[in-house]
Amino acid sequence: MKVERTLSIIKPNAVAKNVIGEIFNKFEVSGFKIIGIKMMRLNKKQTENFYHQHQDKFFFIDLILFMISGPIVVSVLERKNAVRYYRELMGATDPKKAIKGTLRAEYGDDYTANALHGSDSIKSAIFEIDYFFRSDELS
Ligand code: ATP
Ligand code: MG
């Protein structure tokens, strides 16, 4: 197994619930090392660029409006097989289908407001980490 990095976003609905600390604790007890953190509010252009692969999907506009609706917390997580393990920790995209104990089951409200984002491959993780962090901002 290889040590990898993945990008996490705590989305606006989860930030609004005051559970940033709880979620970071879950990352840490699940074996992830948090090597970069930023809290920010994205604008429309930044969000559209970040989610460019979904631009033709029916949910794109709702996704963009949701992601700019409030502050988010972006972090870089490191561990062996980080991409796969982090997606397991998040659970299914639709919180209603996410297994009990996963983060989306616990903090997600609906398909769009599903509390967390995670990179879906090593290639996307590289693009996404670079989108938010300079290399000297990661420990
Ligand atoms: P993420 O990329 O946020 O980690 P994911 O990889 O599980 O989630 P994607 O298919 O990449 O899912 O979709 C990106 C985001 O778009 C989802 O997290 C969700 O917020 C929203 N989304 C995806 N599918 C739907 C849908 N059918 N209806 C509404 N929103 C959706
Ligand atoms: Mg995705």
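1. UniProt, in an unreviewed entry, lists His117 as "active site". UniProt positions follow the numbering used here, feature names are shortened, and annotations may be inferred rather than shown by experiment. This is a predicted model: local features need pLDDT of at least 70, side-chain atom pairs count only at pLDDT 80 or more, and totals for chains, interfaces and linings use all residues. Residues are numbered from 1 along each chain as its sequence is written, chains are lettered from A and ligands numbered from 1 in the order in which they are written, and side-chain values use heavy atoms, with hydrogens and water left out.

2. **Where His117 sits.** His117 lies in strand E4. Helices (H or I, at least four residues) and strands (E, at least two) are DSSP runs, numbered from the N terminus. His117 counts as buried, because its relative accessibility is 9%. Buried means under 20% relative accessible area, exposed over 50%, and partly exposed in between (1.4 Å probe, protein chains only). Leaving aside neighbours within four places in sequence, His117 is in contact with residues including Lys11, Tyr86, Met90, Arg104 and Glu128. Contact means heavy atoms within 4.5 Å.

3. **The annotated binding site.** Which residues does UniProt place under "binding site"? The unreviewed entry gives Lys11, Phe59, Arg87, Thr93, Arg104 and Asn114. The lining of the largest pocket takes in Lys11, Phe59, Arg87, Thr93, Arg104 and Asn114 from this set. On a 1 Å grid over the protein atoms alone, a cavity is a set of points where a 1.4 Å probe fits but cannot get out, and a pocket is an open set with protein on both sides within 12 Å along at least five of seven lines; lining residues have an atom within 4 Å of a point.

4. **The pocket itself.** The largest pocket has a volume of about 460 Å³. Of its 19 lining residues, Lys11, His54, Phe59, Thr93 and Asn114 are the closest to its centre. H4 and strand E4 (116-118) are the elements that give two or more residues to the lining. Grid points are joined across faces, edges and corners, and a volume is the space filled by probe spheres set on the points.

5. **Lys11.** Lys11 is placed in the loop between strand E1 (3-10) and helix H1 (12-16). Is Lys11 buried or exposed? Lys11 is buried, because its relative accessible area is 4%. The side chain of Lys11 makes a polar contact with the side chain of Asn114 (2.7 Å). A polar contact is a pair of N or O atoms within 3.5 Å; within protein, one must be able to donate a hydrogen and the other to accept it, and residues adjacent in sequence count only if both atoms are side-chain atoms. Not counting residues up to four places away in sequence, Lys11 also touches others, among them Tyr51, Phe66, Met67 and His117.

6. **Arg104.** Arg104 belongs to helix H6 (residues 103-107). Arg104 is buried too, with a relative accessible area of 6%. Among the residues it touches, not counting those up to four places away in sequence, are Met90, Thr93, Asn114 and His117.

7. **Helix H4.** Phe60, Leu63, Ile64, Phe66 and Met67 are buried in helix H4 (residues 60-67). Seen down the axis of H4, these residues fall within an arc of 165°, so they line one face of the helix. The arc is that of the directions from the helix axis to the C-beta atoms. Their cover includes E1, H1, helix H3 (44-50) and strand E3 (72-80).

8. **Helix H5.** The buried residues in helix H5 (residues 82-90) are Ala82, Val83, Tyr86, Leu89 and Met90. Their arc is 130°, so they line one face of H5. What covers them includes E1, helix H2 (20-29), E3, H6, E4 and helix H7 (122-132). Just after H5, Gly91 takes a positive phi of about 90°.

9. Leu77 is buried at 0% relative accessibility. Ser75 is buried, with a relative accessible area of 0%. Leu77 is in contact with residues including Glu4, Phe27, Ile34 and Tyr86, leaving aside neighbours within four places in sequence.

10. **An annotation to check.** UniProt's "transmembrane region" (unreviewed entry) covers residues 58-77. Over residues 58-77 the chain is 40% helix and 30% strand. The end C-alpha atoms of this stretch are 30 Å apart.
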